[in-house]
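Trainee: Can we go through this structure together? I would like to start with contacts.

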Amino acid sequence: MSFSTHVLDAVTGRPAAGLLVRLEHDGQVLGEGRTDGDGRLKGWTPREGVNRVVFDTGGYLADTFYPEVVVAFTVTDPSAHHHVPLLLSPYAYSTYRGS
């Protein structure tokens, strides 16, 4: 079981490098780090059940309506890879289950 994310800045059309991201399960932090130069972060291991990925958007965007974006997702298959991308702008965001 593994987790990755890719954050894109819709305003600049570039990867969101240096954005702080945290993976949680039942209130426990499973991983915390910053996206790389390509806006990616990988190599974490979620747990079975509900996990939360927290994006510190307020620390990345100077003027944003959303100071953080929290995406909860459920892990049912322990062998599956879970990719949760984020498309980000100051007043909107979008996510989906990636591959």
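Mentor: Contact here means heavy atoms within 4.5 Å. This is a predicted model, where local features need pLDDT of at least 70, side-chain atom pairs count only at pLDDT 80 or more, and totals for chains, interfaces and linings use all residues. Residues are numbered from 1 along each chain as its sequence is written, and side-chain values use heavy atoms, with hydrogens and water left out.

Trainee: Ok, which residues is His81 in contact with, leaving aside neighbours within four places in sequence?

Mentor: Ser2, Phe3, Ser4, Arg97 and Ser99. His81 itself is found in strand S8, residues 81-83. Helices (H or I, at least four residues) and strands (E, at least two) are DSSP runs, numbered from the N terminus.

Trainee: Which side chains does His81 make polar contacts with?

Mentor: One is Ser2, at 2.5 Å between the side chains. The side chain of Ser4 is another partner, at 2.9 Å. A polar contact is a pair of N or O atoms within 3.5 Å; within protein, one must be able to donate a hydrogen and the other to accept it, and residues adjacent in sequence count only if both atoms are side-chain atoms.

Trainee: And how many residues along the chain separate His81 from Met1?

Mentor: They are 80 residues apart along the chain, with 5.5 Å between their C-alpha atoms.

Trainee: Switching to His6. Buried or exposed?

Mentor: His6 is buried, because its relative accessible area is 13%. Buried means under 20% relative accessible area, exposed over 50%, partly exposed in between (1.4 Å probe, protein chains only). His6 lies in strand S1.

Trainee: What does the His6 side chain reach?

Mentor: The backbone oxygen of Asp38, at 3.0 Å. The side chains of His6 and Arg40 also make a polar contact, at 3.5 Å.

Trainee: Asp38 and Arg40, what do they form with each other?

Mentor: A salt bridge, with the closest N and O atoms 2.8 Å apart. The criterion is a side-chain nitrogen of Lys or Arg within 4 Å of a carboxyl oxygen of Asp or Glu. Asp38 is partly exposed at 38% relative accessibility, and Arg40 is partly exposed at 36%.

Trainee: How many salt bridges does the structure hold?

Mentor: There are 4. Among them, Arg22 pairs with Glu32, at 4.0 Å between the closest N and O atoms. Arg22 lies in strand S3 and Glu32 in strand S4 (residues 28-34), so this pair ties together parts that are 10 residues apart in sequence. Another joins Arg52 and Glu24, at 3.0 Å from N to O. Arg52 is in strand S6 and Glu24 in strand S3, 28 residues apart.

Trainee: How exposed is Glu24?

Mentor: Glu24 counts as buried, because its relative accessibility is 12%. Arg52 is partly exposed at 35%.

Trainee: What about the largest nonpolar core?

Mentor: That core has 18 residues, and those with the most contacts inside it include Phe3, Val7, Leu19 and Phe55. Strand S7 gives the most to this core, with 4 residues. A nonpolar core is a set of buried Ala, Val, Leu, Ile, Met, Phe, Trp, Tyr and Cys residues joined through side-chain atoms within 4.5 Å.

Trainee: Last one: how many helices and strands?

Mentor: The protein has 1 helix and 10 strands. Of its 99 residues, 41% count as buried.
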